Amino acid sequence: MEEIRVKLVRTVDESYPIVIGHGATACVSDLANRDGLASRRIAIITDTTVEKLAAGALAEDLRLTGRDVRVIAFPAGEKNKTRQTKEAIEDQLIAAGFGRDTLVIALGGGVVTDLAGFVAATYTRGVPYLSVSTTLLGAADASVGGKTAVDTPAATNLIGAFHQPVAVVIDLDRWLTLSDSQIREGLGETVKQACLADAEFFAALEDAFVTRGLTPAEFVRDDALTVLTARRNCEIKRDFVASDVHEGNRRMGLNLGHTIGRALESALGYTLSHGYCVAIGLALQARWGATFGYVSSGDVARLERLLGAIGLPYRLPEGVDVSRIMDAMWHDKKGTTNTIRFVFQRGVGDLMVFDCGRYARPVQESAIRAFLESQVAAGQ
Ligand code: NAD
């Protein structure tokens with residue numbers, strides 16, 4: 001027998017800029033000219049809604065700088081974040097002669113950046129992509145961190161890759177066309193980030209929504225607050241991702257509220273949107289955490305007051321079937337281990353750290369079930 005060793009030591013620098021501001025889309029052509037990107041053909045991948053709102057102007061802007069640009073749009077919505085859509089986009093890229101010299105620009109919300117990022121991760125074994133986020137939820141969470149994926153009937157985000165963008169652009173003007181409900185969804189993820197990492201940011205949100213009573217439409221017109229929101233969301237996400245890119249431990253903290261939230265979303269057949277389910281999951285982990293002494297009842301009340309002031313739910317919907325939530329929770333684990341792990345906040349603005357520095361602690365299925373049933377019984 002002979003054994004030949006293939007020694008590959010990877011040292012990579014995947015650092016990238018995040019540009020935040022009103023009219024920030026204007027920076028895309030400059031960013032697309034940096035770091036060896038200038039000679040690449042550009043495929044703007046977007047959905048049909050964002051195509052009408054923003055793709056034409058961006059494509060024109062890039063063409064003015066002499067770039068070869070093609071826009072590829074797929075029907076908007078989570079139900080289209082599939083392998084089939086990915087394949088259809090890839091077929092269009094192939095038909096248009098795109099090769100290894102492609103630069104993908106993902107223009108849209110989290111569905112677009114997840115899907116287009118995944119196309120970029122595998123097209124000709126990987127091409128660069130630049131993320132232009134157009135939703136608050138995208139800016140709060142999806143656009144930063146390099147997780148790309150598509151859904152399957154078995155679970156959301158089941159097939160995907162870690163593929164970091166070459167740059168992220170967050171144009172705050174794009175938030176002006178979001179519906180109240182889309183803004184609230186992004187605020188659900190925003191409150192989550194504040195809960196897990198920044199008490200001052202949480203207090204700023206309380207000031208805006210509880211004290212000043214801002215509506216979603218007023219929020220997106222508040223320059224100082226939108227800049228603060230985008231900046232803190234990105235900084236918090238960056239810090240967690242940079243310390244644990246492949247979600248070995250600390251990055252799991254970003255799942256605060258998501259273990260119940262995602263399972264609830266699936267149990268309800270995706271009739272209640274992700275951000276709303278996350279808000280409920282966030283309130284439930286805090287209430288459950290209070291029973292272990294991780295959070296005070298005063299902090300739970302602050303969280304519920306803030307979610308309520310934003311117009312987000314914080315109680316389980318009436319008649320929800322706990323068994324379905326439990327089934328979905330097992331399903332969502334994607335077969336990793338035979339225990340369910342939970343992340344809990346510590347007070348407001350911090351996370352609990354458990355044995356051996358773990359951010360997620362195992363919990364008995366029977367304990368989660370009993371807690372959820374107690375919430376249903378209490379009309380919560
Ligand atoms: P989305 O992309 O579907 O956007 C929601 C809706 O808003 C769509 O209909 C879209 O066409 C529309 N839209 C987008 N920009 C708009 C604008 N400026 N004005 C008006 N309408 C606009 O979804 P989303 O809510 O942005 O993100 C949800 C997705 O993000 C989920 O698929 C989730 O899995 C993913 N996500 C990914 C990560 C990650 O780390 N990769 C993190 C969180 C969420």
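Analyst: Two packed helices are described by the angle between their axes and the distance between the axes. Here α6 and helix α12 (residues 297-310) pack at an angle of about 160 degrees, with axes 10 Å apart; the axes are lines fitted to C-alpha atoms, for helices over the stretch in contact, and the angles run from 0 to 180 degrees between N-to-C directions. Because of that angle, α6 is roughly antiparallel to α12, on a scale where under 35 degrees counts as roughly parallel, over 145 as roughly antiparallel, 65 to 115 as roughly perpendicular and the rest as oblique. The model is predicted, so local features need pLDDT of at least 70 and side-chain atom pairs count only at pLDDT 80 or more, while totals for chains, interfaces and linings use all residues. Residues are numbered from 1 along each chain as its sequence is written, and side-chain values use heavy atoms, with hydrogens and water left out.

User: Which residues of α6 and α12 meet, and what is the handedness of the crossing?

Analyst: The crossing of α6 and α12 is right-handed, a crossing being left-handed if the near helix is turned anticlockwise from the far one by less than a right angle, and right-handed if clockwise. Arg184, Leu187, Val191 and Cys195 in α6 meet Leu303, Leu306, Leu307 and Ile310 in α12, where contact means heavy atoms within 4.5 Å. By class this contact has seven nonpolar residues, no polar and one charged (Ala, Val, Leu, Ile, Met, Phe, Trp, Tyr, Cys and Pro count as nonpolar, Asp, Glu, Lys and Arg as charged, and the others, Gly among them, as polar).

User: At what angle do α6 and α11 pack, and which residues take part?

Analyst: Helix α6 (residues 180-197) packs on helix α11 (residues 274-292) at about 35 degrees, with their axes 8 Å apart, and the crossing is left-handed. Among the α6 residues in this contact are Arg184, Val191 and Cys195, which meet α11 residues including Tyr276, Val278 and Leu282. The contact of α6 with α11 has five nonpolar, four polar and four charged residues.

User: How do α7 and α9 pack?

Analyst: Helix α7 (residues 199-211) and helix α9 (residues 223-243) have axes 11 Å apart, at an angle of about 150 degrees, which means that α7 is roughly antiparallel to α9. Phe201, Ala204 and Ala208 of α7 make the contact with α9 residues that include Leu225, Leu228 and Ile236, and by class it holds six nonpolar residues, two polar and one charged.

User: How many cavities are there of 30 Å³ or more, and what lines the largest?

Analyst: A cavity is a set of points on a 1 Å grid over the protein atoms alone where a 1.4 Å probe fits but cannot get out, and lining residues have an atom within 4 Å of a point. The count comes to two cavities of 30 Å³ or more. The largest has about 40 Å³ of space, and among its lining residues are Asn255, His258, Gln285 and Phe342. Helix α10 (258-267) gives the most to this lining, with three residues, and the lining divides into four nonpolar, six polar and no charged residues.

User: What lines the second largest cavity?

Analyst: The second largest cavity, with a volume of about 30 Å³, is lined by residues including Asp114, Tyr129 and Lys147. Its lining has two nonpolar, five polar and two charged residues.

Key:
Helices (H or I, at least four residues) and strands (E, at least two) are DSSP runs, numbered from the N terminus. On a 1 Å grid over the protein atoms alone, a cavity is a set of points where a 1.4 Å probe fits but cannot get out, and a pocket is an open set with protein on both sides within 12 Å along at least five of seven lines; lining residues have an atom within 4 Å of a point. Grid points are joined across faces, edges and corners, and a volume is the space filled by probe spheres set on the points.
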